[in-house]
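Thanks for coming, everyone. I'd like to walk you through one structure this morning. Please have a look at the screen.

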Amino acid sequence: MHYHKYHQVDVVNGPGTRCTLFVSGCEHNCRGCYNKSTLNPTSGHPFTQELEDQIIADLNDTRIKRRGLSLSGGDPLHPANVEAILKLVKRVREECEGKDIWMWTGYELANLTDAQKAVVAYVDTLIDGKFEQDLYDPELLWRGSSNQIIHTFKL
């Protein structure tokens, strides 16, 4: 897996103060995409064990009260990302008590593969659906277009 950016402190991509990872790789090619530089799954930087360990350490750092981890991109559920994202979300659940996980994906919940569903099983909030330029609404919370659905799961 590759990623474009990692923010140790983010207050935009989900509620509260968060750690946010923008992964590479997206096959949706949405018209009006604000993050086209992340479409190629091999663009950006390789996702390393060191970065994964840093994310876990940041989430557990008590100097900053972080609410959780946000995963965006690109698309965390792109086939090139599923294995590494599954490993990461499992570690967050096992090692980061009380932290939530938010994920944005262009795939729709009803059409996920078994491998994608395995990742989503660890996610608290999933925002699904492709960005639709014609349905863009800057007043929407946590999503860009009105077709996108916020799914909240009780874990």
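Strand β6, residues 125–128, pairs with β7 in the antiparallel sense, over four bridges. Within that pairing, Ile127 stands opposite Ile150 in β7. Before I go on, keep in mind that this is a predicted model.

Now the whole sheet. What is the order of its strands? Reading across, we have β3-β1-β2-β4-β5-β6-β7. That is an open sheet of seven strands, with mixed pairing. The edges are β3, residues 45–46, and β7, residues 149–152. Each of those two pairs on one side only. As a reminder, strands of a sheet pair through backbone hydrogen bonds, and they may do so parallel or antiparallel.

Let's walk through the middle. β2 and β4 run parallel, joined by six bridges. Arg18 has Gly68 of β4 as its bridge partner. Next step: β4 pairs with β5, again in the parallel sense, over four bridges. Gly68 turns up again here, with Asp100 in β5 as its bridge partner. Further along, Leu71 stands opposite Met103 in β5. Then β5 to β6: parallel, with three bridges. There, Trp102 has Thr125 of β6 as its bridge partner.

How covered are these strands? For β4, six of its six residues are buried. For β5, five of its five residues are buried. Which way do the side chains of β5 point? Asp100, Trp102 and Trp104 go one way. Ile101 and Met103 go the other way. All of them are buried. In general, side chains in a regular strand alternate between the two faces of the sheet.

On to the helices. α2 lies across β2, β4 and β5. Its direction is at about 165 degrees to β4. Together, β4, α2 and β5 make a right-handed β-α-β unit. There is another such unit, also right-handed, made of β5, α3 and β6.

Now the core. The largest nonpolar core has 28 residues. Which residues have the most contacts inside it? They are Leu21, Ile55, Leu71 and Leu88. Several elements give two or more residues to this core, among them β1 (2–10), α1 (49–60), α2 (82–95) and α3 (114–120). Strands β2, β4 and β5 are on that list too. α2 gives the most, with six residues.

Take Leu71 as an example. Setting aside neighbours within four places in sequence, Leu71 is in contact with Leu21 and Leu88, among others. Its contacts also include Pro76, Ile85 and Val89.

Is Ser24 buried or exposed? Its relative accessible area is 0%, which is under the 20% cut-off, so Ser24 counts as buried. What does Ser24 touch? Not counting residues up to four places away in sequence, the contacts include His2, Tyr3 and His4. They also include Thr38, Asn40, Pro41, Ser43, Gly44 and Asn81. With Ser43 there is a polar detail: the Ser24 side chain reaches the backbone oxygen of Ser43 at 2.7 Å.

The other residue is Gln133, in the loop between β6 and β7. Gln133 has a relative accessible area of 31%. That lies between 20% and 50%, so Gln133 is partly exposed. Which residues does Gln133 contact, beyond four places in sequence? Arg31 and Gly32. Look at Cys30 as well. Gln133 and Cys30 are 103 residues apart along the chain, yet their C-alpha atoms are separated by 7.8 Å.

Over to you for questions.

Notes. Residues numbered from 1 in each chain as written. Predicted model: local features only at pLDDT ≥ 70, side-chain atom pairs only at ≥ 80, totals over all residues. Heavy atoms only, no water. Core = buried A, V, L, I, M, F, W, Y, C linked by side-chain atoms within 4.5 Å. Buried < 20%, exposed > 50% of the residue type's maximum accessible area, 1.4 Å probe, protein only. Contact = heavy atoms within 4.5 Å. Pairing = 2+ DSSP bridges. Axes fitted to C-alpha atoms, helices over the stretch in contact; angles between N-to-C directions. Polar contact = N/O pair within 3.5 Å; in protein donor to acceptor, adjacent residues only side chain to side chain. Right-handed = clockwise from strand over helix to strand, strands pointing away.
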